[in-house]
Amino acid sequence: MKVDGSGLQSMASGWRRWRGKASQHTLFVQHGGVWDWAPTSQGRSVDAAPEHHHTLGAWVESHPGQRARLILSSQLLHHLVLNESRLPLHDETAISDYARHQFTHYHGSVAQGWPLAVWDDDRQRGVCALHGLDLSELLAQAVRCKVRFSSMTPWWAVALRAAQRQDPGLGRAPQAGLLLAEGQLLTCLTLGHGRLLNIEQRRLDEASLAAANDGAREWQAELAERADIGLTLTGYGLSVASTQPGALAPLRVLGDVDLLESARPHLQWVLA
């Protein structure tokens, strides 16, 4: 993987399965803080409430000499999935240049300075743009504190692995939609026989399951080929109190509905 403009060569493809090492923390980084699943004495993360830190910098300062795997919320990222049939881009430099042009076109000149990471899962390629962190400052701070980041992975990639493990049908269906809610942000993954075809982000009217259902229906209705697509939802940061299960059709919640009200993903959605 090439990381354009960041200097962080360990920023891992979201599709490459991570194998942890002893004493490695798993950090979920979002707007508003960091959730830390600390390792046990056997080097494995514990199934318990993680510790919250207000910033990633604060975590670095309080954990000198530690190792961590970073999982990045879609709140911090923009995404681009390449259509290989229309865009015969043959190397990572060409992909990065094209992605930089696209991000600048849609987000303005500020996108010129965003670190880019190209991912490749052997069936599809795409680019993540990191806009929600000052990566240069973070890496300099990590060097000062002797903290090592073993990888950075977009949460959608981890959640997709977890979802396909829990529901193998997502990897077999000719078309499927996996929707990841993070409060008012809805990240919509279009899948075809398990292959990621597209990623879109939508802003919900409110952070509720009902609003997520409305957003899913709108997303489904925008393209005729999505008319019969199955929609599966998971995530966090949603109020579910006023939503009746029967009102969600065709949306299906994967896992315990009550977990959607948590302020962060459940352990099973970060350790896949």
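Let's start with charges: the count of salt bridges in this structure comes to 3, where a salt bridge is a side-chain nitrogen of Lys or Arg within 4 Å of a carboxyl oxygen of Asp or Glu. In general, side chains of opposite charge can pair when their charged atoms come close. Before we go on, a word on the model: it is predicted, so local features need pLDDT of at least 70 and side-chain atom pairs count only at pLDDT 80 or more, while totals for chains, interfaces and linings use all residues. Residues are numbered from 1 along each chain as its sequence is written, and side-chain values use heavy atoms, with hydrogens and water left out.

Take Asp167 and Arg252, whose closest N and O atoms are 2.5 Å apart in their salt bridge. This pair links distant parts of the chain, 85 residues apart: Asp167 is in the loop between H4 and helix H5 (169–172), and Arg252 is in strand E14 (residues 251–253). Those labels come from DSSP runs, numbered from the N terminus: helices are H or I with at least four residues, and strands are E with at least two. Are the two partners buried or exposed? With a relative accessible area of 18%, Asp167 is buried, whereas Arg252 is partly exposed at 36%. Here buried means under 20% relative accessible area, exposed means over 50%, and partly exposed is in between, using a 1.4 Å probe and protein chains only.

Now find Arg202. Its side chain meets that of Glu218 in a salt bridge, 3.7 Å from N to O. Since Arg202 lies in strand E12 and Glu218 in helix H6 (residues 209–221), the pair ties together parts that are 16 residues apart in sequence. Arg202 also forms a salt bridge with Glu222, and there the closest N and O atoms are 3.0 Å apart. Glu222 sits in the loop between H6 and E13, 20 residues from Arg202. Arg202 is buried, with a relative accessible area of 18%; Glu218 is partly exposed at 45%, and Glu222 counts as partly exposed at 45%.

Next, look inside. In soluble globular proteins, nonpolar side chains tend to be buried together. A nonpolar core is a set of buried Ala, Val, Leu, Ile, Met, Phe, Trp, Tyr and Cys residues joined through side-chain atoms within 4.5 Å. The largest one here has 29 residues, and those with the most contacts inside it are Phe28, Trp155, Trp156, Leu189 and Leu196. Several elements each supply at least two residues of this core, among them strand E3 (33–37), helix H4 (155–166) and strand E12 (195–203). Which element gives the most to this core? That's H4, with 8 residues. Apart from this core lies another, of 20 residues, including Leu27, Val34, Leu76 and Phe149.

(The expected span is 1.5 Å times one less than the number of residues.)

What about the rings? The structure holds 5 aromatic pairs. Rings of Phe, Tyr and Trp (its six-membered ring) pair if their centres lie within 6.5 Å, and planes under 30 degrees apart count as stacked, over 60 as edge-to-face and the rest as tilted. The ring centres of Trp155 and Tyr236 are 5.9 Å apart and their planes are at 70 degrees, so this pair is edge-to-face. Because Trp155 lies in helix H4 and Tyr236 in strand E13 (residues 230–236), the pair ties together parts 81 residues apart in sequence. Trp155 counts as buried at 0% relative accessibility, and Tyr236 counts as buried at 3%.

Last stop: helix H2. At 1.5 Å a residue, its 16 residues (92–107) should span 22 Å, and the end C-alpha atoms are 22 Å apart, which agrees. Buried residues in H2 include Ile95, Ala99 and Phe103. Just after H2, Gly108 takes a positive phi of about 90 degrees.
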